[in-house]
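Subject: Handover of a structure

Dear colleague,

Please find the structure below. My notes on it follow.

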Amino acid sequence: MELTSKCNERCVHCYIPHKFKLNNITDELYYSTLEQLSKMGVLSVTLSGGEPMCHPHFKEYLRAAKKYDFYVNILSNLTLLDDETIQIMKESNVSSVQVSLYSMIPEHHDTITTLPGSFEKTKNAILKLIENDIPLHVSCPTMKGNKDDFKDVLAWCHEHKIRAHTDYIMMAQYNHETENLANRLSVEEAGKVIETIALGDEEYQKAILEPDFIERCNQAQFNPERRLCGVGISTCCMVSNGNVYPCAGWQEMVLGNLKDDTLQNIWDNSEKIKWLRGLKMKDLGNGECCKCDKAAFCAPCMVRNANESPTGNPLEINRHFCAVAAKNKQIVLDWRNAKLKEV
């Protein structure tokens with residue numbers, strides 16, 4: 001649930017166009033949606049934005065969400081965290097908080113968020129959550145501005161016993177504007193990140209050297225009848241104006257609006273959600289992906305396709321990610337061949 005599209009940061013890679021970061025959810029819509037979610041038997045609710053703490057009623061909303069006994073997750077940059085919010089998180093038994101930390105070099109982090117001083121605020125807030133035993137997950141999206149920094153972020157998180165991961169994938173803005181992609185890693189740059197992550201994982205190295213690794217890669221070819229995506233199966237999203245959409249980032253795919261309809265009716269009867277549920281791998285790129293020998297190194301995604309497609313077509317193959325998959329495969333097989341020669 002997007003509580004607000006407003007955000008105090010203006011991250012250079014964000015898939016939400018900054019010109020649309022204007023609205024707060026109303027009390028009526030928020031509490032009505034919680035009630036509907038409870039009646040539908042929903043297990044987990046994520047409060048997000050924008051920056052959710054920009055909403056003037058965030059604290060009240062957090063207390064209210066826990067009254068329904070949901071697993072409550074929060075996506076936040078934590079720059080607005082205060083002691084009262086921490087106390088509410090503890091009382092509400094928040095299940096997890098996810099925050100992005102882009103670098104351990106303050107200037108690099110602040111250049112990405114375009115908010116001076118954001119590194120110190122986010123880092124100190126993370127340490128406060130640790131002190132208060134609040135479950136935490138750090139993500140470090142990797143892009144041109146921090147392509148050499150993610151290892152230090154992961155090491156710092158490991159030192160503080162925080163779950164952390166990096167991600168070299170970046171999608172276009174949901175209105176098909178692509179200015180943010182100027183910050184996306186090139187295929188070669190993504191390859192260096194893949195090499196560092198994959199080949200720094202001893203368990204993955206063991207798997208790569210297994211005698212049947214190549215056979216298993218070949219067997220990973222996409223089944224034409226396999227469901228294309230899990231959107232509309234176990235999750236959905238909503239924004240502050242009441243629009244319901246399939247997954248984070250795909251805000252153009254409006255399934256319905258909670259000001260005009262119930263969530264139950266949208267979930268059960270939306271024509272768009274029925275169409276999404278019925279898609280299979282053979283529908284993607286007219287079946288091209290099912291013939292690809294890089295399936296073991298690729299994870300097709302409709303929202304990435306749709307946002308970058310000029311026409312918003314989720315079934316149009318995004319060639320950038322094909323190239324990244326090819327680079328991934330090349331890195332892994334080259335490393336495997338070199339190690340086997342050593343043996």
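Which helix gives the most to the lining of the second largest pocket? That is α13, with four residues. Before the rest, a word on the source: this is a predicted model, in which local features need pLDDT of at least 70 and side-chain atom pairs count only at pLDDT 80 or more, while totals for chains, interfaces and linings use all residues. Residues are numbered from 1 along each chain as its sequence is written, and side-chain values use heavy atoms, with hydrogens and water left out.

The pocket

The second largest pocket has a volume of about 250 Å³. A pocket here is an open set of points on a 1 Å grid over the protein atoms alone, where a 1.4 Å probe fits, with protein on both sides within 12 Å along at least five of seven lines; lining residues have an atom within 4 Å of a point. The volume is the space filled by probe spheres set on the points, which are joined across faces, edges and corners. Of the 19 lining residues, C289, C298, I317, N318 and C322 are the closest to the centre. Both α12 (302–308) and α13 (319–342) supply at least two residues each. Helices are DSSP runs of H or I with at least four residues, and strands are runs of E with at least two, numbered from the N terminus. By class, the lining has 13 nonpolar, two polar and four charged residues. Ala, Val, Leu, Ile, Met, Phe, Trp, Tyr, Cys and Pro count as nonpolar, Asp, Glu, Lys and Arg as charged, and the others, Gly among them, as polar.

Helix packing

α13 also packs with helix α7 (residues 187–198), at an angle of about 45 degrees and with the axes 9 Å apart. That angle makes α7 oblique to α13. Angles under 35 degrees count as roughly parallel, over 145 as roughly antiparallel, 65 to 115 as roughly perpendicular and the rest as oblique. Axes are lines fitted to C-alpha atoms, for helices over the stretch in contact, and angles run from 0 to 180 degrees between N-to-C directions.

Helix α1 (residues 27–39) and helix α2 (residues 58–67) pack at about 15 degrees, with their axes 10 Å apart. α1 is therefore roughly parallel to α2.

Backbone

The peptide bond from G49 to G50 is cis, with omega near 20 degrees. G50 lies in the loop between β1 (44–47) and α2. D69, although not a glycine, has a positive phi of about 65 degrees.

Regards
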